[in-house]
Amino acid sequence: MDAKGRALSETVWTRLDRKAGAITELTIRQLRHRISTWVVLSVGALVMALLLAFYVDAIRADFEPVDNDGDSADWDNDGYPQGQENKYGTSDWDGQEYPGSGYYVMTGEVDWNDDPRSHSGNHTWEGQGYLDAEWVDIDYTGSRWSGIIDWGDVNPCSEGDALDDWWLDWGEACTYDDGSYFVSGKFRASGSVSVPENAYMQWGHMTLASYVEPEPASMYIDEDGILWDGEDVSEIGIEVDDDGDCLADPNDNNRDGIPCNVIWILDADGDEIVEIRADYNVNEDPEESKYLGESSHRTFIIGTGKMAFVMMLGIFIPLFLALGLVRDETENGTLHYLLSKPIHRAEFILYRLLGYLLLAGTYILVLVLLMALVTSLIGPGDSLIRLSDFPVWLGIGLATVLVLAAYGALYNTLGLIAPKYGVYFCIILGIWEFIMGMFTMTLPSASVPMLSISHWALQLIDAIVLIAWPDTLQYTQIATAFGIDSGLPFFWQPPVHTLGTQSPVVALLVSITVLLLITVAMIGIGQASFKNREIM
Amino acid sequence: MSDKTPAVLVDQASKWYGEVIGINDVSLAIDGGVTGVLGPNGAGKSTLFKLLMGRLKPSQGSVRLFGVDPWTNTSPYRRVGYVSETERMYDWMTALDFVTTLARLHGMTREEATARAEHVLDFVGLSDVQNKELGKYSKGMRQRVKIAHALVHDPDLIILDEPLHGCDPIARTSIMSVIRELGSQGKTVIISSHILEEIERITEQIVILHNGRLLALGNLHAIRALLDKHPHRILLTCDDPRHLASEFISEDPVYGVRFPEDGKLEIQTNDLSAAHAILPRVIVDSGAAVSAIENPDDNLESLLGYLIGGDS
């Protein structure tokens with residue numbers, strides 16, 4: 001190219017530049033003069049502020065230890081936590097049974113078809129039958145609920161045969177004129193019992209009770225932890241069942257031939273945990289503060305990025321800002337001023353979108369950086385500021401801006417093609433995008449959500465998270481394997497579109513490319529439609 | 001681009017919207033001077049302008065601006081200024097802002113654009129209010145801002161769609177003088193109106209559209225002269241119509257008189273200019289007190305009536 005040609009091309013380019021500058025500037029100023037712009041942008045900022053408030057609250061409250069396996073609770077109200085009852089082999093649902101409570105030993109029974117059907121002695125009994133008692137322990141009394149006969153409430157028996165003509169509830173007795181009883185339930189007595197046909201009675205004795213000191217519930221919180229400190233993968237050792245609840249009833253859920261252990265599966269380089277296979281009841285109640293702080297922090301960032309930025313702001317901002325970018329000018333007639341200038345209609349659409357994107361993109365960037373600053377300052381960790389969070393926040397910003405571009409181009413095109421009903425199409429599309437976004441989070445490899453824009457933006461975030469925080473995979477594995485309920489596995493799963501390379505960088509590039517292609521295609525459709533539009 | 005190419009060339013162009021005809025088989029070439037496009041509402045003036053500005057695509061025939069099809073190519077707009085009939089503006093902008101922004105679409109830098117905008121706003125007489133928001137402008141001022149934006153790049157061709165519509169008399173006069181000034185600068189100016197008298201005060205070169213058809217094209221005076229040879233009325237408001245009538249009836253151009261209402265005299269003539277020539281003398285001689293002279297036929301409707309009548 002000779003000097004003249006270069007000068008000419010420079011002129012053409014600078015002129016294009018100036019036109020682009022003028023239209024983008026006009027667009028931004030126009031948007032700034034609309035109330036709806038400020039409303040939608042302030043709502044977005046308000047949502048972020050609320051999320052931050054929740055975050056600050058959660059971080060400041062510290063992470064309360066959570067009893068993942070629930071064995072610190074005293075379900076039967078006998079003063080002993082479930083963990084201690086398990087240790088002593090007493091029932092955690094029967095208040096009469098607790099460590100040191102003494103237990104029942106059966107010594108004999110009359111079955112439904114046994115013969116003879118009567119027995120005498122001084123026992124603890126359980127069943128139904130006629131009792132001719134020498135002595136009854138009226139202190140051993142209860143209610144229908146415990147099955148122990150309530151000796152304070154005994155009525156005369158009805159006429160006829162028990163069980164044939166009438167029936168007693170469990171835990172009740174009735175008396176005959178001669179002082180004998182019909183009993184139904186548990187009782188202690190010395191005497192003779194005869195059991196009717198088809199009834200059952202067993203007898204035995206209670207062992208001697210002793211006092212066992214109840215243990216505090218806190219002993220059974222975080223009592224089965226992970227021995228590995230969660231930092232250096234090479235230090236992973238053998239995990240044991242600290243509280244013995246697996247060893248008490250051993251299982252080999254991971255089928256490696258060793259009951260009550262944990263298998264850690266590392267990636268090819270051996271520096272990342274890819275999968276954790278644990279037997280049941282091993283490491284099931286780890287110390288939350290060690291793992292929950294970090295994974296909750298990450299869950300907050302990823303969740304905010306996906307739900308608030310991509311799916312809320314990403315869908316709503318274009319609806320309010322981009323739908324009328326060109327349509328409103330056409331309807332107002334102000335388009336005539338702009339189109340009487342030497343500017344191609346296709347250029348016009350492009351610069352309009354650019355103006356919208358500059359405004360919305362700046363807003364997103366400011367919001368993202370504010371969120372990043374606050375959370376990285378107060379987030380967990382020893383350093384003053386968590387610099388490793390910034391790439392993720394910037395990735396969220398990038399995903400949101402790409403979504404704004406794609407939806408903006410799409411909505412603007414819809415506004416052009418269907419000026420009257422475009423808004424309804426956009427709302428339907430918005431709902432579609434939201435649903436597909438939710439599907440993408442739960443089933444990232446399903447193929448239908450790939451037809452949505454949000455899918456690719458969420459995948460972009462998944463990819464950038466894995467690049468910036470490679471050990472996120474570990475946290476999701478620990479969360480899934482040991483039940484640390486941080487929500488991380490819901491909000492984050494490894495990116496899918498790696499083209500078989502397993503590389504998050506490939507997934508990132510694929511997502512960016514798809515989003516850009518969608519944007520370009522939508523702009524192209526809008527331009528083609530607008531170019532051949534007659535403007536009244 | 002050859003200078004021989006006319007600024008505007010319309011060749012057998014038609015435009016219809018479904019069943020409705022916008023313009024029908026119009027051919028014309030305009031280059032230089034001020035041309036008035038006359039026609040009642042719905043005659044096709046705006047359709048013609050929108051075809052020229054590439055807003056609409058001709059259903060048949062062709063439209064060229066400086067030899068280029070404006071529907072597919074925006075390059076002629078570098079040399080064209082267009083004042084559309086639209087009344088909406090960006091009310092939150094100042095006039096200077098508005099004109100500067102649009103000037104930048106011609107590829108000017110911000111500084112060039114501001115300087116040009118100040119210049120043209122001064123030219124249309126708005127420099128003292130250029131920093132006021134457009135929302136606070138009167139109708140006439142807004143029309144002048146629209147003209148300013150069309151002039152900001154010093155175009156060779158200026159197309160104005162009803163620029164006088166809805167303006168107060170002062171704005172009207174000032175806009176007319178701006179347009180005459182542009183004409184005298186040697187630019188091609190095309191202005192539409194549905195009021196004959198307005199156009200008459202600006203230019204002699206006219207195009208008359210009616211029902212989408214090109215009815216007449218040429219010098220307004222020639223057309224008027226044709227019109228003058230046909231029955232015409234002059235309406236006088238005076239104190240003694242009967243006496244004045246007797247004075248007029250003997251004059252040559254006058255062939256009849258009527259008394260449409262009290263204190264009014266209608267003179268019927270075949271030669272309007274001759275009748276106007278004798279008018280002052282007869283009135284002075286009669287000593288009658290005449291308070292008003294009106295030409296009820298001197299409007300677009302009667303011109304059209306005549307032209308259509310002449311057609312059939």
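Which residues in α5(A) meet α9(A)? Before the answer, some ground rules. This is a predicted model, so local features need pLDDT of at least 70 and side-chain atom pairs count only at pLDDT 80 or more, while totals for chains, interfaces and linings use all residues. Residues are numbered from 1 along each chain as its sequence is written, and chains are lettered from A and ligands numbered from 1 in the order in which they are written.

**Two helices in chain A**

On the α5(A) side, the residues are A:I301, A:G305, A:F309, A:V310, A:L313, A:G314, A:I315, A:I317, A:P318 and A:L319. Their partners in α9(A) include A:D389, A:W393, A:T400 and A:Y411. Here, two residues are in contact if their C-beta atoms, placed from the backbone, lie within 7 Å. Sorted by class, this contact has 16 nonpolar residues, four polar and one charged. Ala, Val, Leu, Ile, Met, Phe, Trp, Tyr, Cys and Pro count as nonpolar, Asp, Glu, Lys and Arg as charged, and the others, Gly among them, as polar.

How do the two helices sit? Helix α5 (residues 288–321) of chain A packs against helix α9 (residues 389–417) of chain A at an angle of about 25°, and their axes are 9 Å apart. Axes are lines fitted to C-alpha atoms, for helices over the stretch in contact, and angles run from 0 to 180 degrees between N-to-C directions. That angle makes α5(A) roughly parallel to α9(A) (angles under 35 degrees count as such). Helices are DSSP runs (H or I, at least four residues), and strands are too (E, at least two), numbered from the N terminus.

**Domains**

Zooming out, both chains are split into domains, with bounds from an automatic or database domain assignment.

| Domain | Residues |
|---|---|
| domain 1 of chain A | 38–60 + 292–531 |
| domain 2 of chain A | 104–206 |
| domain 3 of chain A | 223–278 |
| domain 1 of chain B | 8–225 |
| domain 2 of chain B | 230–311 |

In chain B, the C-alpha centres of domain 1 and domain 2 are 36 Å apart. Their contact takes nine residues from domain 1 of chain B and six residues from domain 2 of chain B. On the domain 1 side, β8 (205–210) and β9 (213–219) of chain B each supply at least two residues. That side has seven nonpolar residues, two polar and no charged. Over in chain A, 53 Å lie between the C-alpha centres of domain 2 and domain 3.

**Where the chains meet**

Finally, 21 residues of chain A are in contact with 24 residues of chain B. On the chain A side, α1 (3–32) and α7 (335–339) each supply at least two residues, and α1(A) gives the most, with seven residues.

Notes: Parallel < 35°, antiparallel > 145°, perpendicular 65-115°, else oblique.
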